[in-house]
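Hi everyone, thanks for making time. I'd like to walk you through one model today, so please have a look at it with me.

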Amino acid sequence: MVKSLEAWDDQVPRDPLEYAVSVRDRDVLSMVRDALATNNCRLALQPVCAAHSNFPVAFHECLIRVMDVTGRIIPAAQFMGQIEDTTLGRDIDVASLKLAFQLLKQSPDLRLSVNVSARSLGDAAWRRVLDAELANAALHAERMILEISEDSAMQLPEVVIRFMEEMQPHGIAFALDDFGAGMTAFRYLKDFLFDLVKVDGHFVRNIHNDPDNQVLAESLITVAHQFEMFAVAEGVESQSEADFLLSIGVDCVQGYHFGVPKFSL
């Protein structure tokens, strides 16, 4: 008995704060699993606007919101970093894809981007959802953009490239998220089939007053256009930022200045 108690004691964090955090994390992951099991998730939509004088909406990005039993949103920051490369992360991607296709069916004029990790492209459950939609609702697929982060794409570039080639006949578009934030090997850009890139918000912040960000953002936009991809600027929070981005040739803008994520249009 003494030995088993000692073994148990070794597993308990000595720091009370560390222990409290570990308990909270376990509870949060349990709540996320329960929410997925009971379909207690919704999509919030944030507008992505064309960079014209009146900035009309071009499409919306889907951001999944997971709710607890009381209906409150579980902050994504409390669990996304822990589950990104796990089975639970794949389950989140499955839920997002299902909900996005439901919205496309309900709203014929809607165009959506939905986030997916490169690992989910080969996940059986995720592919079953996608393949069923491609078989039964090809027109919906033409209004779907799959958004893959730069870091995720570079972890499995060959998988991403093969998947893109497979999806070309179905009309699905692809977006490279967080462009410039990671370690993209530019040699892959000519092999990837991305239709648009989303310039990381780090290069957009205060761009009208920041010469470094001006040079970096313009370079990323130039690279995108060289490879015949649209360039979207993320994290736009002021009209001054939007106006400067418009002046250097960005194609679309996204950020709180143009709209926060909302459950309904």
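Sorted by class, the lining of the largest pocket has 16 nonpolar, 11 polar and 11 charged residues. Here Ala, Val, Leu, Ile, Met, Phe, Trp, Tyr, Cys and Pro count as nonpolar, Asp, Glu, Lys and Arg as charged, and the others, Gly among them, as polar.

A quick word on where this comes from. This is a predicted model, in which local features need pLDDT of at least 70, side-chain atom pairs count only at pLDDT 80 or more, and totals for chains, interfaces and linings use all residues. Residues are numbered from 1 along each chain as its sequence is written, and side-chain values use heavy atoms, with hydrogens and water left out.

Back to that largest pocket: it holds about 930 Å³ of space. Of its 38 lining residues, the closest to the centre are Glu-61, Leu-63, Met-80, Asn-115 and Asp-177. A pocket, on a 1 Å grid over the protein atoms alone, is an open set of points with protein on both sides within 12 Å along at least five of seven lines; a cavity is a set where a 1.4 Å probe fits but cannot get out, and lining residues have an atom within 4 Å of a point. A volume is the space filled by probe spheres set on the points, which are joined across faces, edges and corners.

Which strand gives the largest share of the pocket lining? That is β2, with six residues. Helices (H or I, at least four residues) and strands (E, at least two) are DSSP runs, numbered from the N terminus.

There is also a cavity to show you. The structure holds one cavity of 30 Å³ or more, and the largest cavity has a volume of about 40 Å³. Its lining has one nonpolar, three polar and four charged residues; among them are Glu-84, Arg-90 and Ser-117.

Now the barrel. Eight strands form a closed barrel, running β1-β2-β3-β4-β5-β6-β7-β8 with mixed pairing. From one strand to the next, the twist averages 30°, taken between N-to-C directions on a scale from 0 to 180 degrees, with axes as lines fitted to C-alpha atoms. Strands pair if DSSP finds at least two bridges between them.

Follow β4 onwards with me. β4 and β5 run parallel, joined by five bridges, and Ile-148 stands opposite Leu-176 in β5. Next, β5 pairs with β6 in the parallel sense over three bridges, with Phe-179 opposite Val-199. Val-199 also has Ala-233 in β7 as its bridge partner. In a regular strand the side chains alternate between the two faces of the sheet.

Last, the aromatics. The whole structure has five aromatic pairs, meaning rings of Phe, Tyr and Trp (its six-membered ring) with centres within 6.5 Å; planes under 30 degrees apart count as stacked, over 60 as edge-to-face and the rest as tilted. Phe-163 and Phe-174 have ring centres 5.9 Å apart and planes at 85°, so this pair is edge-to-face. Phe-163 sits in helix α8 and Phe-174 in strand β5, so the pair ties together parts 11 residues apart in sequence.
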